[in-house]
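This report covers a metal site and a helix pair. The sequence and structure are shown first.

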Amino acid sequence: MASKIEIFDTTLRDGEQSPGVSLNSYEKLEIAKQLAKLQVDVIEAGFPIASNGDFNAVKTIAENVKGPVIAGLARANFKDIDRAAEAVKAAERPRIHTFIASSPIHMKYKLKMTPEQVLEAAVEAVKRAKSYVEDVEFSAEDASRSEVEFLCKLFSAAINAGATVINIPDTVGYATPEEFGSLVKTLRERVPEMDKVKISVHCHNDLGMAVANSLAAVQNGATQIECAVNGLGERAGNAALEEVVMALVTRKDLYNVDLNIDTKHIYRTSKLVSTLSGIYVQPNKAIVGANAFAHESGIHQHGVLSEKSTYEIMTPESIGLSSNRLVLGKLSGRHAFAQRLKKMGYELDDEELNKAFERFKDLADKKKEITDKDIEALVEDQVLKIPQLIVLEYFQTSSGNQTISTATVKVKIGEKSVEEASTGDGPIDATYRALERACNIDCKLVDYSIKSVSGGKDAMGEVIVKIEKDGKLFTGRGLSTDIIEASALAYTNALNKTLWNNGNGR
Ligand SMILES: [Zn+2]
């Protein structure tokens, strides 16, 4: 009989620690809802002690997202654990995930604790967590560089103190598949209590082996894999959820395990995370990259046309990519548009649908053929918008290679309209300066990127900006067939988030 592997998603915790990523609680909730649709077993929603924002995000998710276990991370001390317990309290199935480092190097230089002290702290932490919730996960940070003898002692003590999940992290991404698989095997052999609990692994991708290490662990008895959508995470990231899942599904002949995941939601989840995090997926990325199912060479195309399995080991439909290449246009009706949205996995209420249809019609006036990619961008832009305190009313720019660029903008802030102008180094810089002036917000642009959503001269441009204000990072996104407008909208969106963060919003 196939054994069951649980998928523990840490996009909102480890993934959110990716350099350049910052998600607000509204965005985290959107991602958590999508993860529930994907049917992950566990959502690690955040690190509640880290900040009030983190605490609130975990609490909101615990209150609103049903289905998966909701976990909160805590170091092995009472303060962290009490805070995590408070945050996950309302969840249908709450879990506290507590951790302490176990490698000689971490114990000596980071914790400045002896192994005995670490062992005692671990036991106390698990007991404390257990006083709040039934489900307690214990992690030995940097396990892959720890002494096996000590790991055995530590895990045995944690299980006897009440841990229900034991996590073995390759925190620094140092292990190789053979080594890591054998570590899992050894621990299972030497710690008899391991049979009573779930065995989890958490692999980092510093040497590009996170997925391979996780799969090796499965072959040696691991029953839970920690991973993140699009492989987000500290440094080079975590094991990519979509890769782990599709490897286990596609090679069921080899791994012989069952998953709860509804793979048809993979593509949409990946897209949502990339949009909200502002981290694009590379085109040649396995499973979710734009080229993952594209066949370029004539020989391959010919093969796939006569029999898909010649070059395709899995279908685009299995991850929720529609092979529907039909385009919509000016004459497409509301019904056809609604049908298409449904097929793409979007559930909009009547009011949202009306709004989306209006924008679709506007776009159809400017762009002849509207593809799934355009619709996806439009809808996400609309659904994911936080309440807008600042609205761009109009902008006008003038520039050229012989003149100084100038921009005039008019924004509505709450009830009042403000108009400002500025010069700048190019039309976008001028627009941004004028916007800052009009909104009276002092911030720094740290990143700007633009790409086209679909092909063709009339393609929509998607701009993502990252701005820094008071040491905090805010991501904004804008969409338009006019790149200066897309740029202005992205900046306005990011400025909105700075206000929203100050407690003016939800
Ligand atoms: Zn990690």
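**Helix packing**

A crossing of two helices counts as right-handed if the near helix is turned clockwise from the far one by less than a right angle, and as left-handed if anticlockwise. In this predicted model, the crossing of α3 and α5 is right-handed. The contact involves F78, I81 and D82 on the α3 side, and E124, A125, R128 and A129 on the α5 side. By class, the residues of this contact comprise four nonpolar and three charged, with no polar ones.

Helix α3 spans residues 78–88 and helix α5 residues 115–130. Their axes lie 10 Å apart and form an angle of about 25 degrees. Angles under 35 degrees count as roughly parallel, and α3 and α5 are therefore roughly parallel to each other.

**Zinc site**

Which residues coordinate the zinc ion? The donors are OD of D14, NE2 of H202 and NE2 of H204, at 1.9 to 2.2 Å. Along the chain, the donors of the zinc ion have the spacing D-x187-H-x1-H.

D14 and H204 are 190 residues apart, and the pair links distant parts of the chain. D14 sits in the loop between β2 (6–9) and α1 (25–38), while H204 sits in the loop between β8 (198–203) and α8 (210–219).

Are D14 and H204 buried or exposed? The cut-off for buried is under 20% relative accessible area. D14 has 2% relative accessibility and therefore counts as buried. H204 has a relative accessible area of 4%, so H204 is buried.

Methods: Residues numbered from 1 in each chain as written. Predicted model: local features only at pLDDT ≥ 70, side-chain atom pairs only at ≥ 80, totals over all residues. Heavy atoms only, no water. Axes fitted to C-alpha atoms, helices over the stretch in contact; angles between N-to-C directions. Helix = DSSP H or I, 4+ residues; strand = E, 2+ residues; numbered from the N terminus. Parallel < 35°, antiparallel > 145°, perpendicular 65-115°, else oblique. Contact = heavy atoms within 4.5 Å. Nonpolar A, V, L, I, M, F, W, Y, C, P; charged D, E, K, R; others polar. Donors = N, O, S within 2.8 Å, 3.2 Å for Na, K, Ca; no water. Buried < 20%, exposed > 50% of the residue type's maximum accessible area, 1.4 Å probe, protein only.
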